[in-house]
Amino acid sequence: MVFSWIRKKAADQEKLKKGEEELVIPNQFVCPISLDLMKDPVSLSSGITYDRESIESWLDGGNFTCPVTNQVLRSFDQIPNHSLRKMIQDWGVANRSYGVERIPTPRVPVSGIQVSELLFILEDSVESLNGRRCLELVQKVKKWGSESERDRLCVVANGAITVFSAAFDAFARDDSFETNANLLEEILSSMKWMFPLSQLHSLDHHTEAAQARLGSRDSLRCLVWLLKCGDLSAKKDSMIALKELVSSDQKHAEALAAIEEASEVLFRLVKEPICPAITRSSLMVIFHLVSSPSSSTSMAIRSELVKMGLVSLLLELTVDSERSTSETALGVFDMLCDCEEGKEEAYRNALTFPVLVKKILRVSELATQFSVSAIWKLGRHENEREKVNIFLAEALQVGIFQKLVLLLQLGCGSVTKEKATDLLKTMNPCRPELECVDSVDFKNLKRSF
């Protein structure tokens, strides 16, 4: 401590020799909460001025009193203190030599009343199908959302997602996609920052209404059309909406599966990648489409995707893809192994067993779970014992027995543990003649994920 004090004292003396002075911020320019220079000073009903960001955080935390006076606030209105803000700006300009950055004039945040009024006008425009007026209003809301996080939250809290969903549904009817393409793309572009719908947990009626509108047959057909014919931005926004829908409720996935060309368009986006984000999202939507084992529509989609060549495509994609893509691809592959066509295609592909075994304990716990599940399903094809025996022999040759034993030692989920144990029992009789080990797969492993 003594040496530290001596060094500090020496530094202060050096400053005095050079004639330097420490800049002191005037007390009236300091926010009582953050103790920093105010950039957007606002006054409360108590008469005390705070920086807008600090007092909003205070009020959002459930406080109803003035932080300085501790009196209950009669109103939560925040009145901009323009004179003080101008004094702070002038002081900043005068002290630029000390490194004080220029303080820009802040934008006045949008109010709930402004949002509600605009959404009411937008609803009227939608009812009259006034596309031009709707486009102007949508772009205004989009501009609000781009200005600050506070404005975005204000727009969402006033139920904008419901009105926008209704507008999208209204202008997506009667195959008028091309006529209203610009408006539809603007609506989707504005809605993407209103997702996920789960953030509206306090506005359940808005969530249900938005899902009903976006999940309508007309809206789904339009989203598929935009995926097929839209530009890159439209494809991204459409995929965000579809992923939000199918992940929220399985009924939307089944409704999407019934849309003509939906599976074909999604398959093409995976086969001919244009953007990593779109590829990941396409796989996620496909996963939800095929993940309902009791749905006849889901089974039909699985067979259709297998015929398109999705099994081989997933294996090739999994070989060198990054973690999230690999997990989703393995999940889809696991679901395709529930149908006879999927199993037959997997048996025919030389990459099936090397890739599935390689991904165990290599990517993540989820990837391991899907890989073990797919191998287990392929090993239980009672009608094709000869193919199953060949499969098990190939799996042993690429080291699956040791990996499953190690997986049980490291720990895994109960379902995965049960499947791994069943596979070990099945393969144990023919293990001594066929197995081999790749020691690289067992490096740097740790107990439990």
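Contact here means heavy atoms within 4.5 Å. The model is predicted, so local features need pLDDT of at least 70, side-chain atom pairs count only at pLDDT 80 or more, and totals for chains, interfaces and linings use all residues. Residues are numbered from 1 along each chain as its sequence is written, and side-chain values use heavy atoms, with hydrogens and water left out.

S165 lies in helix 7 (residues 160-171). Helices (H or I, at least four residues) and strands (E, at least two) are DSSP runs, numbered from the N terminus. The relative accessible area of S165 is 0%, so the residue is buried. Buried means under 20% relative accessible area, exposed over 50%, and partly exposed in between (1.4 Å probe, protein chains only). Neighbours within four places in sequence aside, S165 is in contact with M191, A210, R213 and L214.

K359 is also buried, at 12% relative accessibility. This lysine belongs to helix 19 (residues 352-359). From K359 to Q369, the C-alpha separation is 9.8 Å, across 10 residues of sequence.

Helix 17 (residues 323-336) packs with helix 20 (residues 365-378) at about 20 degrees, and the axes are 9 Å apart. The two are therefore roughly parallel. Axes are lines fitted to C-alpha atoms, for helices over the stretch in contact, and angles run from 0 to 180 degrees between N-to-C directions. Angles under 35 degrees count as roughly parallel, over 145 as roughly antiparallel, 65 to 115 as roughly perpendicular and the rest as oblique. The crossing is left-handed, meaning that the near helix is turned anticlockwise from the far one by less than a right angle. Helix 17 contributes E327, L330, G331, F333 and D334, which meet L366, A367, F370, S371, S373, A374 and K377 of helix 20. These residues comprise 6 nonpolar, 3 polar and 3 charged. Nonpolar covers Ala, Val, Leu, Ile, Met, Phe, Trp, Tyr, Cys and Pro; charged covers Asp, Glu, Lys and Arg; the others, Gly among them, are polar.

The structure holds 3 aromatic pairs. In one of them, the ring centres of F64 and F76 are 6.1 Å apart and the planes stand at 40 degrees, so the pair is tilted. Rings of Phe, Tyr and Trp (its six-membered ring) pair if their centres lie within 6.5 Å; planes under 30 degrees apart count as stacked, over 60 as edge-to-face and the rest as tilted. F64 is exposed at 51%, whereas F76 is partly exposed at 42%.
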